[in-house]
Each structure stands twice: as C-alpha cells, then as structure tokens.
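Here are my notes on the model you sent. They are set out as numbered points.

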Amino acid sequence: MKLKRLQLKLKKNRPLKLVLLAITVGVMTGLVASLFFLVLEWTKAIIFDGVLGVQLATPPGDHIISDDNLHHIKSSVYDNIFSNIPQALLIILVPGIGCGIAAYLVRRFAPDASYDGTSALVDTFHNKRARMKISTAITKGFASIITLASGGSGGKEGPIAQVGAGFGSYFSDKLGLSVKERRILFLSGCAGGLGAIFRAPLGAAITAVEVLYKEDFESEAIMPCVIASVTSYSTFMLTFGSHTIFNLGEVESFEGFLHIPSYILLALICSLIGAFYVKFYQFTKDFFIQLKIPVFIKPVIGGMLTGVLALIMPYALGDGWGAIQEVMDGNLTLGFIALAVIIKIVATSLTIGSGGSAGIFGPSLFIGAMTGGCLGSFLHMQFPDNPMVPSITAFVMVGMAAFFAGVANAPIASIIMVCEITGTYNLLAPLLLTSAFSMLFNSKISIFKPQVLNKFESPAHKGDMTVNILQEIQVSEAVDSSQKIETVEATTMLGQLSQIVRSTEQHIFPVVSKGKLIGIANLDKIRTVMFNQDTYSMLIVADIMEKSVVLKNNMTLYEALGKFLNDGHLELCVVNDDNEVISVLRYQNLIEAYHKGVNLHNSDKEESLHASI
C-alpha cells in the first residue's frame, strides 16, 4: 500500500519524480563510470606497457596506477614475452586487432550504433525517441575499452555518456514514462557519464543539453542533468577522489586589451584547423564507407594505420591526454606540438572513420590544446618576455575551449568543461572571447553530423511546435455574420416547413418557442417524412424535432470541433446566455477558419526566424 501511495504521489508530482529518477540514474551512472574508468586504465596499462612496451605520460587526474605497478607490468610481461617481437610491428598490429574486435562486437550486438559515441547520442535523442537498448550501451562501452586500450585514437567520454544515457532510457521504459520524460532521463544519464569521467559536473550537464543543437539547448532537461551529473560525480569521487584531470599550477590573470590580439589570433587558427578536422574526418569516413572491401577489414586497416602514425608520434595512441599536461609543463618542443596536431587529426579520423568505437570529444580537446600550445610556443620564441603574449599554459587552456566550441557548436559547455577539468576560472574572459570568435568563424560546420539547428528542426519537438490553431480561435470569429438564419416555431406545420426548406440552403432549422431554442429540425433525418404530402397537415415541427447541441460565441473552435464530431451534424446553433439563436456555425466555416489560422501562424513563424537571423 505504501508503495502504491508513493507511485501515485510521484505521478502527481512530476518535478519530484524527475529529481528522484535523476538521482537514481546519477548513482547508477557513477558506479558504471567508476568501473569503466578502472577497467580502461588497467587494460591500457597491460597493453601499452605490457604488450607494446610503450609508457606514455598520463594526466594527474587519470593517474590511478602507480609507476611501480606500471614498471612491474612492463618488466614481467613485455620484457619476458613480447620483447623478442619487433616493437614497431606490435605498435602497428595491436591497434588494428583491437579496432577489428571492437567493430565486430558493435556490428554483432549493437548494429544500430554506427556513429561515434556523442553523435550516436544526438541521433538517438532526435530521431529514435531517446530509446536505446541497454545492451547497445554496454556493448559500446566494452568496444570502446578495447579500442582505446589497444591504441585506437579516440576519447572515453562518448562511450561512457552513451552507457549513462542507455541506463536513463532503460529506467524510463521500465517505469512506463512518457517519451518527453524519457528524453530528459536519457540526457540526465548522458550528463552523469560525462560528469564522472571528466570530474566536471556543471560542464557535463551543460554539454548534454547544448550539444544537441547548433543554436539552441534543451532547457527543460537542465536541472535533472545537473542533479544526475553531481550525483554521478559524487559517486565517482568515493573511489577516485576529487582531483581535477589536469594540474595547471599558477595561471596568470587576463591582462585585458594587451592579450586580446593574441587570443583572437588563437581563435582564428583554431577555427581553420577545426574546419580541416571536420572535413578530413567526414572525408575519411566516406572513404571507408565506399571502400569495396569486407566491412570487418576496414577498422583493422584504420587501426593499423593509426599504429603507423604512432611510430612517428606516440600520442597518436589512445586519447593522448598525457601530452596536454606535458605541454602545460613546458616539456614538449614546438615541432613536436605542431606534429601532434596533424597526427591526432589523421589518427582519430582513421580510427573512428573506419568503424572503430570511441568518442570524438576527447581528441577535440587534445587538438585544441596542442594548437594553443603551438601558437603560444611560437609567439614566445618570436617575442620573448612580451607582455602582450600570454603564457603557454593559458594558450593551451583557451585553445581547448575555442577548438571544441568551433567544431561542436557548444561554446558554453566547452568553457565550463575546460574550467572544471583544469580547476581554474582565472581565464574565463579569454575563454568567452575565443569561443565566441571560434563560433563566429565556424558557424556552418559541426563534427557531430546528427546535430540540428534548433528545436524547430528536431523531430523530438515536432509535437511542441504544432500549435493547436483551433484553440486560439473563438466561435464568434468563424461564423458568417452575413448569413441569415431561418428559425421555425414549434407549432409550424410540416407543410409550411417544406416551403421554408425550398428557399434556403440550411441543413438544420432551429426550433423555437417564445424566442427560446428548444430543438432542431434536421433535414437529413426528416427527409423521409418531409416530402410526404400526406403528413403535411398531420405533423407539426415539434413532432419531428430532436435535441439541439449548442455553441456559445466565446467557445473555441477546438471545443466546437468536438461537438461536431460527437453530434455528426454539419451545422450547430450558436446561442446567447438566454438560449436565443444568434447564428449557425457550419463545419465548413470551422475548416476555413483553421486554414486561415495556419497560414497566419506560419507567416508569423517565418518573420520570427528572419528576425532572429
């Protein structure tokens, strides 16, 4: 009984229901994100250090395996088993094998999840009623672990966001929620996954609602996403602590007009490279789609080519985020940083474009960071100690936000996310500036192909955008005021009524007594006796009338439509408060008023869109 009362209370109190569900999804997503992160890091350690013999730097927040353990894995596995195999051959083969296995798992158990992680979320929200099988989400999670741990180039944010969204969709279906509520819980799960894996609760919530559109955001889902994200982040913290992913140390403050030219230059360069990144990624994806070879071989080729690139620049493997901390610390040369930008663009395009399973958000932050580091290093070499040139660390941090804002059309999300993963808001002003300029320069591109312009363009909001025109028009506006209404007295003989019928086009005739409506004579129903002259002097109108369904002037046409459909008449009487007949509303009048209202609404909508442009 208590459970039933709780269910009834939740049904009536929608905000409370969404809060409780968002917390539930957040806890579940936090636990899954913790497991995902733990398995991924240990699998990477075993394959990178134990099989490939490659030890790459890891950002402080992701460094959960001690150096002693990594050294032990390398000495006990690589040195004893794989050291006799040429390392270059291993670096080429292992990513190919890993990408091939991951792609097989996706095709076998989640064939409908063909996009990268974030794009799949956007597509599911807009076009699939936010319905994602839990098996699809889990499969993508495992496939992504295999892809990234074997050296495929990509990010871990898309897959874990997909897993979170999958749990949100699963709970919605089990609880019988509406499609609208499922979409909100779907985004809450997405935010929970991002909030935990990035340790960025607010940035994750904003990303979940902003990345869906180019010029809009899903406002209704903001608070549930914040609640789920904070809950998931808190759950993740219980195991791994609250450390930020990167350690910036002391960051200089913004120097106002002195630094603005440098940051605008950074925004321009990020926009150019971002445009190249999007086009090259789409080109690579189209190339592999059109390539006439067995589908299962394509990701193997993509992974092996990524391995070839890793021979030139090791950070082509995995997410490469260790390099971001390295460039912040000033440990990388200008040439290495510049090479990293190009290599990561190509490696990510090959891995994901060929069918590998990983996210595309992480590489975007990497490329943006390297772009910022490259420009910062170059300017410091050319203009040492110049007060107009910000620090390299500042360039790296601002570059991440500017680049992602441009390629993903998500400026607010990118700004907050970068502030949270670096642990400082000191550079908020240049982050805002560069993200705005980057959006301006790259307004027509997006790395996420299923992204739509705004809610008007989303299939998810077609119902919201369909205005009930009839609800906005009153009966008084639709009746033909020039139309003369013939009424008949209840005592009128049937023969007299037949004479009246011949002189009018009415289908119904209001029957009145002392000026008050008491019924109607429906021509369609009295036709059989109407033209039988034997009854002309025997029957009066009161004998053949039926009950009248009436309308009032202040009723809406939506209410009138219901009466038309229930009554079956083509005309209904309109009366005043004294039940006196004012006019008759024809069904045809209602249809004409509807079409007029639709045309007016569409005209207003078009003017509004032009004004916003």
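1. Lys279 lies in helix H11, residues 260-290; helices (H or I, at least four residues) and strands (E, at least two) are DSSP runs numbered from the N terminus. Lys279 counts as exposed because its relative accessibility is 59%; exposed means over 50% relative accessible area, buried under 20%, and partly exposed in between (1.4 Å probe, protein chains only). Between Lys279 and Leu248 there are 32 Å from C-alpha to C-alpha, at a separation of 31 residues in sequence.

2. On provenance: this is a predicted model, in which local features need pLDDT of at least 70 and side-chain atom pairs count only at pLDDT 80 or more, while totals for chains, interfaces and linings use all residues. Residues are numbered from 1 along each chain as its sequence is written, and side-chain values use heavy atoms, with hydrogens and water left out.

3. Thr235 is placed in helix H10, residues 222-240. Its relative accessibility is 11%, so Thr235 counts as buried. With neighbours within four places in sequence left aside, Thr235 is in contact with Gly26, Val27, Gly30, Leu31 and Ser34 (contact means heavy atoms within 4.5 Å).

4. Helix H8 (residues 179-198) packs with helix H9 (residues 201-210) at about 145°, the axes being 8 Å apart. Axes are lines fitted to C-alpha atoms, for helices over the stretch in contact, and angles run from 0 to 180 degrees between N-to-C directions. From H8 the contact takes Leu187, Cys190, Ala191, Leu194 and Gly195, and from H9 Pro201, Ala204, Ala205, Thr207 and Ala208. By class this contact has 8 nonpolar, 2 polar and no charged residues; Ala, Val, Leu, Ile, Met, Phe, Trp, Tyr, Cys and Pro count as nonpolar, Asp, Glu, Lys and Arg as charged, and the others, Gly among them, as polar.

5. Helix H13 (residues 321-328) and helix H16 (residues 392-408) pack at an angle of about 145°, with axes 8 Å apart. On the H13 side are Ile324, Val327 and Met328, which meet Ile392, Thr393, Val396 and Met400 of H16. The H13 contact with H16 has 6 nonpolar, 1 polar and no charged residues.

6. Helix H14 (residues 334-353) has 20 residues and reaches 28 Å from first to last C-alpha, close to the expected 28 Å at 1.5 Å a residue; the expected span is 1.5 Å times one less than the number of residues. Just after H14, Gly355 has a positive phi of about 120°.

7. An open sheet is formed by 3 strands in the order S4-S5-S6, with mixed pairing; two strands pair if DSSP finds at least two bridges between them. S4 (550-552) and S6 (581-586) are at the edges with a single partner strand each, so one side of each has no neighbour in the sheet. Neighbouring strands are turned by 40° against each other on average, direction ignored.

8. How do the strands pair? S4 and S5 pair in the parallel sense over 3 bridges, and Val550 stands opposite Cys573 in S5. S5 (residues 571-575) and S6 are antiparallel over 5 bridges, where Val575 stands opposite Val581.

9. S5 is largely enclosed by the rest of the structure, because 5 of its 5 residues are buried. Glu571, Cys573 and Val575 point one way, and Leu572 and Val574 the other. Helix H24 (residues 557-567) lies across S4, S5 and S6, at about 130° to S5.
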